[in-house]
Structures are given as structure tokens and as C-alpha cells.
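This report describes selected features of one protein chain.

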Amino acid sequence: MVIYEEKQRRIAEGLDCGAKLSQWKDWRWQLAHSIRDIPTFERLTGISFDSETRLQLEKTVAKFPISITPYYLSLIETADYRNDPIYKQAFPDPGELTVQQWEMSDPLAEETDSPVPGITHRYPDRVLFHISNLCAMYCRHCTRKRKVGDIDCIPGRDELTKGIDYIRSHPEVRDVLLSGGDPFLLSDEYLDWILGEIRGIPHVEVVRIGTRTPVVMPFRITGGLTEVIRKYHPVWVNTHFNHPRELTPSAMEALRKLADAGIPLGNQTVLLAGVNDCPRIIKKLVHKLVQNRVRPYYLYQCDLSEGLSHFRTPVGKGIEIMESLIGHTSGFAVPTYVIDAPGGGGKIPVLPNYLLSWSVHKVVLRNFEGVITTYTEPKHYQNTFCDNNCQDCHLQLKLENADEFKAVGIESLLSDSDETNTLIPQNIPRIERRER
Ligand SMILES: *Cc1c(COP(=O)(O)O)cnc(C)c1O
């Protein structure tokens, strides 16, 4: 049940004088009535900016446009809007115009690691597939801010077919992550086609969809949409809640529909200064998520995208938050805190230190309460030497289940069968001298 509050009614009528409750809950109505300029925002919220601020805001919007669904706008508590987490995620801040020297337009090198348009292939067994240029709302902290304000267009079948063909011709890809933009801005029919094409590729084991619609436009999660998705299981959905206030009755209803369709749900939160950089806020958020059958998946350190400096926290804030979660609450409510490495290195998990010291047969650990303890290691552990030949191994992995294996990176340093004993950066003078 959507609570059709007075505030929502006022916003709806301010946009469309004949608006009815049924229209408020119609995602296409929400999209068509998104707030895309500052005067409309002022008129609907009763917030007004002085002329100097408005000038700065107009400049910001000229570079990074604004788009807020009436639903998300209705969540702003206008009395203290300057500190409001909804306002801060939705409404421009002139700070976005400040570009620091270490910021980048594409910090994750998504374009560089793109073999065909739409695909980013960074990890060995999975790809990111951008299937939509549309978003229900333009999040101010978007990591793909470079693309915000590009002409809204949906890639056609010919365009997407190139990505699908890439996946089809790469048998190592067992996980396809649909992203964008927001895949749920596509029509049910188009998603049906895309999911059908991908599901038709035998080596694709799972499909994942990343969407913020449950947060900013929960009415997108219709029975029709879940009927399409459930035809293509296993499909996992990751959403993007950043603050407990976003878990409204409408959002919870959307999550219920997704979970009832058998879709495992995860959540990716971005750590944002002034929005959720507080252990108690994050703890409340993860508790509300698991109550709604959503597993907190990642907590992201804010990327080095241009214009996000006012949103960034030190890494220490993230560690402090992790310290307040691990052990203090259910293990499945604890996300992995990651820094997405600039230059395309991928996600790097960051944790407080739990391993304090080590001897030949004991490790010294500390727990969340500060208890310092030991774990005595086995005296007679028989390591199984691994030459990658599962056939002759006493551990019973059937050969047909043993994946092709080539150790990569640090894994290769630890491997019994790999000759690599050192990883050397390409650009150190000592190595350059050898090559001369
Ligand atoms: C985040 C990401 C993935 C998925 O990573 P997981 O850790 O498996 O969730 C895949 N490709 C790219 C380019 C990514 O940025």
C-alpha cells in the first residue's frame, strides 16, 4: 500500500493538475514528470535559493543535468533540506564544478577495458554490459558522471547484438552483469528479448541486473516485469540504497515483489560524506535491508570521478564503519567494503586488521570486542601438492567439474605448479635497464 500523503498529492498536482493516485504509481507518469529544472524544484518544494546560489546552481546543471522523480522528490524533508540525504543525492551542489587534479572522467577505465561498445571485460569470468543510457534519477554521486546528460537513448538491437555476440564468442564468461544507465528503464518487452538472448548462450550461468529503480522509482517493479525476469532464472538483482530513509513502504513493496519472484537481492551502497558516513546510519540501513530480504553486498569508497570531492570521505571512515558492523551484527548484514582501483584494477576489499601476529604454529587474533586470542595450527597437516591434475588427486573433484585453471597474479605466486616467483612492475628503471 502506498501511503498517498498530502505532500505527494501536492507535488503530483503541482506537476499535473488532474493527477490521480493511480498515476503517481505509474512509472511512466513518474518519468514523464521528472523534475529537470531549478524553478520547478523550487515551486514544488517551497525551497527558494538566493540569486547568487541560483546562478551557481544553473552553472552546475548546465554541466551535469538534473532529473528527479516526483516520488524521490517527495522524500525530501524540506525544513532542513541542506542536511537532507535525499536532497543531497538528488539535487546539484556547485561543488560538482570543482575538479581536483587526481579526479578522472573515467576513473575505472571502463572505456579502455571495452572490447566492443557496451561491454567492459575486466575480470576473467564475467562482463559488465551497459544496455541502457537511461536513469530514473541522475544521482549526484554517479561514478559514470561523464555520461550523465548524454542524449537519452536506448541502444538498438543491432548495437546490443554486438555485445551479445561478444559474450557468445567468449566461453569463459559465466556471469553477465547488466548495467547502464538503469536496465529497468527499458520496456518489459525489450528486457525480455535481451534476457532471452543472453540466456540462450549455454556458458552463461548467471545474469545480474544493477538497478536503482526500487529506490528512486519503486513503481517500476511491476508484476509484468517480475514475470519477465522469472523466465530467465538464475537472475540476481543488485539495488542501490544509501540511507535508511529510502526504505519507504513503496520501496519495500518493490523489494517484496522481486524477492517473491525468486530473485536473490543484493545492495550496493556508496559511502557519501554528509549522507551516510556514520556507523549508526549504515547499521540501520543494513538491518532494514535484511528485513526486506536484501543482502548488503558492497559498501563502496566513493570513486575518483570528476566533481565528487564534496562526497568523499577518508578510507578511515569506511574502516570505522566496518569495525562497527563485523561481530556487532549478523554476518549476512555486513557488506564488503571496497575501493574500486583507479585505472581499472577492479574492486579491492578493505578490512580492519584482525590478524595481529604469527609464529610457526600459532596465530594471534583479536575479535570485535578487543579480546586477543590465539588459534593453534595443526601439527601434522598434509598439504596436497597441486599440479592441476585433478584426475590423480585424492580430493574428489570430478575431472569434468574442474574448471580450466591458470593461476593469475598473487594466486600464481602461491601456486605449486606455477613457476612465477615474482611479479614485477613494467616501469621500474632496474627492469628497463635489462631490456636496453
Ligand atoms: C564490479 C564489476 C564487476 C562485478 O564484480 P563482482 O565483484 O563480481 O561483483 C564486473 N565487471 C566490472 C567492470 C565491474 O566494475
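## An annotated lysine

In an unreviewed entry, UniProt lists Lys347 under "modified residue: N6-(pyridoxal phosphate)lysine". The structure discussed here is a predicted model, and in this model Lys347 is located in strand β9, which comprises residues 346–349.

When neighbours within four places in sequence are set aside, Lys347 is in contact with Val338 and Asp340.

## Domains of the chain

The domain assignment divides the chain into domain 1 (6–95), domain 2 (119–349) and domain 3 (390–435). Taken over C-alpha atoms, the centres of domain 2 and domain 3 are separated by 31 Å.

## The buried side of helix α4

Helix α4 spans residues 38–45, and its residues Ile38, Phe41, Leu44 and Thr45 are buried. These four residues lie on the same side of α4 because they cover an arc of only 130° around the axis. In general, an α-helix has 3.6 residues a turn, so residues three or four places apart point the same way.

Against which elements do the buried residues of α4 pack? Their partners are the helices α1 (6–15), α5 (51–63) and α6 (70–73). After α4 comes Gly46, which has a positive phi, near 80°.

Key. Residues numbered from 1 in each chain as written. Predicted model: local features only at pLDDT ≥ 70, side-chain atom pairs only at ≥ 80, totals over all residues. Buried ≥ 20, exposed ≤ 12 C-beta atoms within 10 Å, placed from the backbone. Helix = DSSP H or I, 4+ residues; strand = E, 2+ residues; numbered from the N terminus. Arc of directions from axis to C-beta. Contact = placed C-beta atoms within 7 Å. Domains from an automatic or database assignment. UniProt positions renumbered as here; feature names shortened; annotations may be inferred.
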